[in-house]
Amino acid sequence: MFLYNLTLQRATGISFAIHGNFSGTKQQEIVVSRGKILELLRPDPNTGKVHTLLTVEVFGVIRSLMAFRLTGGTKDYIVVGSDSGRIVILEYQPSKNMFEKIHQETFGKSGCRRIVPGQFLAVDPKGRAVMISAIEKQKLVYILNRDAAARLTISSPLEAHKANTLVYHVVGVDVGFENPMFACLEMDYEEADNDPTGEAAANTQQTLTFYELDLGLNHVVRKYSEPLEEHGNFLITVPGGSDGPSGVLICSENYITYKNFGDQPDIRCPIPRRRNDLDDPERGMIFVCSATHKTKSMFFFLAQTEQGDIFKITLETDEDMVTEIRLKYFDTVPVAAAMCVLKTGFLFVASEFGNHYLYQIAHLGDDDEEPEFSSAMPLEEGDTFFFQPRPLKNLVLVDELDSLSPILFCQIADLANEDTPQLYVACGRGPRSSLRVLRHGLEVSEMAVSELPGNPNAVWTVRRHIEDEFDAYIIVSFVNATLVLSIGETVEEVTDSGFLGTTPTLSCSLLGDDALVQVRILRACRKKPNSLSSVPGPRSGQLNEYTERKEMSADVVCMSLANVPPGEQRSRFLAVGLVDNTVRIISLDPSDCLQPLSMQALPAQPESLCIVEMGGTEKQDELGERGSIGFLYLNIGLQNGVLLRTVLDPVTGDLSDTRTRYLGSRPVKLFRVRMQGQEAVLAMSSRSWLSYSYQSRFHLTPLSYETLEFASGFASEQCPEGIVAISTNTLRILALEKLGAVFNQVAFPLQYTPRKFVIHPESNNLIIIETDHNAYTEATKAQRKQQMAEEMVEAAGEDERELAAEMAAAFLNENLPESIFGAPKAGNGQWASVIRVMNPIQGNTLDLVQLEQNEAAFSVAVCRFSNTGEDWYVLVGVAKDLILNPRSVAGGFVYTYKLVNNGEKLEFLHKTPVEEVPAAIAPFQGRVLIGVGKLLRVYDLGKKKLLRKCENKHIANYISGIQTIGHRVIVSDVQESFIWVRYKRNENQLIIFADDTYPRWVTTASLLDYDTVAGADKFGNICVVRLPPNTNDEVDEDPTGNKALWDRGLLNGASQKAEVIMNYHVGETVLSLQKTTLIPGGSESLVYTTLSGGIGILVPFTSHEDHDFFQHVEMHLRSEHPPLCGRDHLSFRSYYFPVKNVIDGDLCEQFNSMEPNKQKNVSEELDRTPPEVSKKLEDIRTRYAF
């Protein structure tokens, strides 16, 4: 079995975000890393929408990311620290839309190791040097400069190693143009290691160490080091030189401290806490991320606490000495992994979990009533300031980037009866969790919908003048009239446009510079037209008819002209579709006007044609005019619902390289629209599709919208790239903003982190279990609030009683949404859980069962018992008082509910106590299998509780999953891979008959057939394991263990071993696997979803020749197009186990973004042309998915 891996939806969680001017213009851009992906985003300063410019897989783990700019430069470079043992410097090339690797310096082994640098990066604020550090011991400094041709140069590394030292964070100190300086949070563990009593370990302090790079002597000195009182978690550079006082802010537990050398005293300020917080009061508070904003006259920092509250931090100085730190509550946003303040006044928040946000900073929060806290205010040691959280005041949300991260569970099924299955994805964490329904398609935003007096049959938009940026009129044609709408602030009907409104319009457009033409029927025409004449129109505004006529061999059904290329007088080709199932290309060049150039036979009659220029990169010509030079494509929509896309040679007019795609049951109409500055085609059949080029790959994606009948491009100030379309008797103005997205999603909010869900087969309802650690249930929360309110009243003096009672009442009434302000942290070993029955189509909760405090639901199953007939039961496995570390549990329960009211309500039957955590439940032959800790048991339904029928005690550690097929049970152990168990009915025994030879920390598994199982582990690998053909499951129980000693032969465990069919490292923890088909009529594939929000598929090759072809593509790409961050592709895919029988489609698809001459070399090696190779890549994708 050979498989091909394809990513459908790239990971959406963000681990790092940096901002700068990467394209060298004044525009602010953001570079984010998503695990093994680098992505360049550009927020549009006018609309606030975030556009993705470029996404690149780097086939390595990105561990750190920094932007830097040489002194006096205008362009930012990107420094990447990864697991490749190399430092890589990238430059974004806007003309080619790619990252170019400028430098790659090797310094160590690959892999994420403790002493190999790559974990921390720090840049000198003046862009003269960069430090790359490991978690332990090693630090290297590289000097950056420019040569005579203004190219970036990099020095050999200078070492700043110190043994037995752990590093927590590194930043570059802003010292102006003095010698570059780096500050590190370190801890020396040498004494703690050598002291057997453990006293030294308890007394070890963290130190703040400064390293200076002496540019004169060209080496690094350890300049200064001092111990810290609190344990710091990160550093913030304070602007220096002429901009500020220099030095660093140390963020530590409960405090933020300013330090600098010289006579500067330490300035220390407590981190304010929320007033009347339900959190454990003993719990420390830390800042988790920060962003700095600096202008010529001032600077400030935004720092976010782990509850999501952002504080604006400013420093008060007196002649270069800092006198106080001031903190002011700014706003609360979801907890971020990274924040960036852009010069355009936006705040980009890359959330730790869930969607990412772009806010506009509306106010700097200087002149409001919010109290300001200062380090100068007198406080007792251990006391802090209190503030009141509130809804957003200084920030305005302008855009939200959907993120599925983390996906905890996923099932694929067609519950909405739409032919194409939907993906039901449980994602998010805590109060920001959601159940999302993903459908293949582009999300459509409705700008406007208006009813029309009847059913129109066509719509167009026209401009008044050729130079106009926006459209002036929308013309809607009815059976017996024409409606003209003028586009301004609003869209309204006009009668003085010069268009005749009493007849239907066949077509209209702008002619010459500023003439509008309307084509209408003057008298009924009996004869079908089958001759052509051409009208060359010079720019003088005169119309000259070309005198010759061209007789065609059959009636003409449709025609298309390409747009006039920039700098040309006229379009070169006319495409004509005829009734005899052919398309002809006809020349419009004055030298050979109306001469046929080429033709193509079609499988059915054409319905419409559209010539577009696509896939071009933006170029600037000598005059500085921006235009894109792409390829010409002829799109042909057929009457049987098929769309053909053919390459049109711009010189000879030859047609080649046809791609076919079935769109729907109606004839396909085509319309040319503009998307992100390039031409695209809107194809309408029973569903509407958009064909567009995005990041050097073609996408043909359906719109998630109702059927449209006719459309035209639409440009106005509010909506520069819209579409105006008609559907029955309505006129709609639509915008497509999320290009490149494969799925559109509907999200339904949940209360706690969803762990698993099952689908009730009869009603299609979902039964979801949600569990959070460190959380309160609703009942405990209300109790805690009541208790705190009573304490407030009791603590007040006699004269303040009334005021205190009012405050207590206000506290009880205030209800800040937890999805923004976070849920209170209850402390270790505190759990909250609910069981929810949900209708997946409407997303409404039909029933909600709250479990007691400290009961945590871990597993769920829906099943029937053979002794109770047709009733459905839901079993939920619950742990009681579980403490994760050191692990202890008070026992568990299996709750049994009966599904009543057609699967809409849970009726509690009984709960069965068990001695460990029931982490897996599966129905089995009219009974149920439950994994209780490491015991595998069969239970049956009784009156008062579940009755234990049989058990097996020989599983190694802890059962994390159970799959059943026939008499076989495949058990996944938390760290010992799979164990095959046979249930013998007659003897009522569960007997182990085979297992796997590798230890795997299995997270999820899926059966492929009777002998084969696919599994994924927590390190990001997927494997397929199969029992050899001669496996015998008729094994007898062996109580003495003597027989096993003889049988064993190799390794421990069972006497028969499974074989590994495939191994593959995805690079993200996979939490769900399912064998399914994603498109109607498609073939089966193995779909996986990852913790970072990625969705991918593994598809089997159907022929050896295909496999051979893709193996060669992969081999050539590995050598011709090595990964961007210097990691070797083969060793990345073999991180834990050597990659076996899987070809990486993500690497193969980078063929399309290679340079044309490299594409040519690779395809010649394969005896093909570049279009044939990319056609093969597109075909395998569309055969299984999208």
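## Close-up views of a predicted model

View 1. The chain carries 113 positive and 154 negative charges, and their mean positions are 6 Å apart. The structure is a predicted model. The chain exposes about 51,300 Å². Carbon and sulfur atoms supply 49% of that area.

**View 2. The chain as a whole.** How many helices and strands are there in the chain? The chain has 11 helices and 85 strands. Its C-alpha trace spans about 105 × 90 × 70 Å along the principal axes. The radius of gyration is 34 Å. A compact globule of 1186 residues would have a value near 32 Å, so the chain agrees with that expectation. Of the 1186 residues, 53% count as buried.

View 3. UniProt lists residues 14-401 as "domain: RSE1/DDB1/CPSF1 first beta-propeller", in an unreviewed entry. How far apart do the end C-alpha atoms of this span lie? They lie 11 Å apart. The span is 52% strand and 3% helix.

**View 4. A feature in two pieces.** The unreviewed UniProt entry places "domain: RSE1/DDB1/CPSF1 second beta-propeller" at residues 445-519 and 540-735. Look at the piece 445-519. Its end C-alpha atoms lie 32 Å apart. This piece is 48% strand and 0% helix.

**View 5. A cis bond at Pro406.** The peptide bond that joins Ser405 and Pro406 is cis. Its omega is about -5°. Where is Pro406 placed? Pro406 is in the loop between strand E33 (395-401) and strand E34 (407-413).

**View 6. The loop between E67 and E68.** This loop lies between strand E67 (873-880) and strand E68 (891-900), and Pro886 is in it. A cis peptide bond runs from Asn885 to Pro886. Its omega is near -10°. Asp881 is found in the loop between E67 and E68 as well. Asp881 is not a glycine, yet its phi is positive, about 50°.

**View 7. Gly892 in strand E68.** Gly892 is found in strand E68. Its relative accessibility is 3%, so Gly892 counts as buried. Which residues is Gly892 in contact with, leaving aside neighbours within four places in sequence? They are Val878, Ala879, Lys880, Thr912, Pro913, Val914, Glu916 and Pro918. Gly892 and Glu136 are 756 residues apart in sequence. In space, their C-alpha atoms are 42 Å apart.

**View 8. Asn164 in its loop.** Asn164 is found between strand E14 (158-159) and strand E15 (165-173), in the loop. Asn164 has a positive phi of about 55°, although it is not a glycine.

View 9. Ala680 is placed in strand E55, residues 678-684. Is Ala680 buried or exposed? Ala680 is buried, because its relative accessible area is 1% and the cut-off is under 20%. Set aside residues up to four places away in sequence. Ala680 then touches Val612, Phe671, Arg672, Val673, Met675, Leu690, Ser691 and Tyr692. Ala680 and Gly926 are 246 residues apart in sequence and, C-alpha to C-alpha, 56 Å apart in space.

**View 10. Pro378 in its loop.** Where is the place of Pro378? Pro378 is in the loop between strand E31 (372-374) and strand E32 (386-387). Pro378 counts as exposed, because its relative accessibility is 80% and exposed means over 50%. Pro378 and Ala879 are 501 residues apart in sequence. Their C-alpha atoms are 47 Å apart in space.

How values were computed. Residues numbered from 1 in each chain as written. Predicted model: local features only at pLDDT ≥ 70, side-chain atom pairs only at ≥ 80, totals over all residues. Heavy atoms only, no water. Helix = DSSP H or I, 4+ residues; strand = E, 2+ residues; numbered from the N terminus. Rg over C-alpha atoms; globule rule 2.2 N^0.38 Å. Buried < 20%, exposed > 50% of the residue type's maximum accessible area, 1.4 Å probe, protein only. Areas by Shrake-Rupley, 256 points an atom, 1.4 Å probe, with all protein chains shown as cover. Lys, Arg positive; Asp, Glu negative; His and termini not counted. Charge placed at Lys NZ, Arg CZ, Asp CG, Glu CD. UniProt positions renumbered as here; feature names shortened; annotations may be inferred. Contact = heavy atoms within 4.5 Å.
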